[in-house]
Amino acid sequence: MIELLKELIKIQSDTKEGANKALLFCADWLKTKGESVKVHDNKGYLMLTAVKGQGEETIVWNGHVDVVPGHKEQFVPVEEGDRLYGRGAADMKAGVAAMMQAFVELDSSLVTREVQLHIVTDEEIGGRHTSKWLVEQGFHGDFVICGEPTGLKVGLQSKGILRMDMVFKGKPAHGSRPWEGINAIESAMKFHLAVADLPFRKESTEYYEQPSVNLPIIKAGERYNVVPEVCEMSYDIRFMPGQQKEEIVRQLVDLAETLNVTMDYKASGSTPPLTTTKDNPFIQSLQKAITATTQQQAVLFGQHGAADTRYYAAVNGGEGAIEFGPSGDDWHGNAEYVTISSVHAYKNILLAHAQLT
């Protein structure tokens, strides 16, 4: 399994072509182990599915072999003690290698449910061509594990995404006489400072202290001697399970009216939160598998970002898809690594969980 992981790291899969090469490598590896594999093509993006077992319930193991760009030397795996360094080592070729090995070791006669293996190639750019496409073709299940690096902790929820594009309008005037105009930048600043006091910012849940509000884009002003008439500002808001996108938009719009600033807006890019709870029977059985394998209590937490889990959860009303994977650090960074021991533990947990009745 670790040699498989090293071979995957060597494949520079930070392009569409490279990711497809890694995908075909996975398909060939599984076939040499006697597994039946189907490779799918959607607009040139490849993915594979494989199925074992049978029963009324379906568990999906989802992993991606595409990676973010890295330096040339990062595609040469380096093993130091319990750490394996390389681009994609943690995010998430380790999860893929463990899932592949677990799938090969899975004894169909010991499982009373169907286990599907999904390996995809475009998660880092949104997953719409592969994981989303697979779900649309009917490849989904009652419970889905995406093997993102979580340190063997269970990311059972994730925040939703709301993108707000706003245009604040002022009144132009000569820069030497700013009192004769209305500065659109100052209107946007006043608005931004007041957002922190809105009710939705002060809410919390069992897994989140607060929603996330990021101001990533602002465009305004062209000349020193002109009071700016327009200020464009965009928010990336990550809202918690239980919060409603429409209510957040309402609070933002009402704030502009309260502050007496002129603002047009467009709410877009919305992704609902994942709402799996600790009462979910698959979560409870996964906790048992973790404890039995590691002799430690499972840790449940909420992810701040989004992953391909969102496409699978959409079929089940926002539930039943989680992020759960090996331990590592600095993914997307220059010193990305995974701990080898956690990859072995992860594989064993997958097997134990699949075989629990």
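Which residue takes a positive phi just after helix 7? I found Gln295 there, with a phi of about 60°. A reminder to myself before going further: this is a predicted model.

**Entry 1: helix 7**

I stayed with helix 7, which covers residues 281-294. I checked its length first: at 1.5 Å a residue, its 14 residues should span 20 Å, and the end C-alpha atoms are 20 Å apart, so the two agree.

Then I asked myself which residues of helix 7 are buried. My list reads Phe282, Ile283, Ser285, Leu286, Ala289 and Ile290. Viewed down the helix axis, the buried residues fall within an arc of 165°, so they line one face of helix 7. On the face turned away from that buried side I noted the exposed residues Pro281, Lys288 and Ala292.

What do the buried residues of helix 7 pack against? Their partners include strand 3 (58-64), strand 7 (143-146) and strand 8 (154-158). I also wrote down strand 14 (300-303), strand 15 (321-323) and helix 9 (340-355).

**Entry 2: the sheet 10-11-9-12**

I moved on to an open sheet of four strands, ordered 10-11-9-12 and paired antiparallel. Its edges are strand 10 (212-220) and strand 12 (262-271), each of which pairs on one side only.

Going through the pairings, I found seven bridges between strand 10 and strand 11, with Asn214 standing opposite Asp236 of strand 11. Strand 9 and strand 11 are joined by 10 bridges, and here Ile161 has Arg238 of strand 11 as its bridge partner. Strand 9 (residues 160-169) is also linked to strand 12, by eight bridges. In that pairing I marked Asp165, whose bridge partner in strand 12 is Lys266.

Which helix packs on this sheet and touches strand 9, strand 10, strand 11 and strand 12? I found helix 5 (residues 184-195) doing that, with its direction at about 20° to that of strand 11 (230-239). Helix 6 (residues 245-259) lies across strand 9, strand 11 and strand 12, and I noted that it runs at about 165° to strand 12.

Is strand 11 mostly covered or mostly open? I would call it mostly covered, as eight of its 10 residues are buried.

**Entry 3: the sheet 4-5-17-16**

My last stop was another open sheet, with four strands in the order 4-5-17-16 and antiparallel pairing. Strand 4 (78-80) and strand 16 (328-329) are the edge strands, pairing on one side only. I counted two bridges between strand 16 and strand 17 (residues 337-339), and there Asp329 has Tyr337 as its bridge partner.

For the helices, I noted that helix 1 (residues 2-10) packs on this sheet and touches strand 4, strand 5 (83-85) and strand 17. The direction of helix 1 makes about 20° with that of strand 5. Helix 3 (residues 89-105) lies across strand 5, strand 16 and strand 17, at about 45° to strand 17.

Notes:
Residues numbered from 1 in each chain as written. Predicted model: local features only at pLDDT ≥ 70, side-chain atom pairs only at ≥ 80, totals over all residues. Heavy atoms only, no water. Pairing = 2+ DSSP bridges. Contact = heavy atoms within 4.5 Å. Axes fitted to C-alpha atoms, helices over the stretch in contact; angles between N-to-C directions. Buried < 20%, exposed > 50% of the residue type's maximum accessible area, 1.4 Å probe, protein only. Expected span 1.5 Å × (residues − 1). Arc of directions from axis to C-beta.
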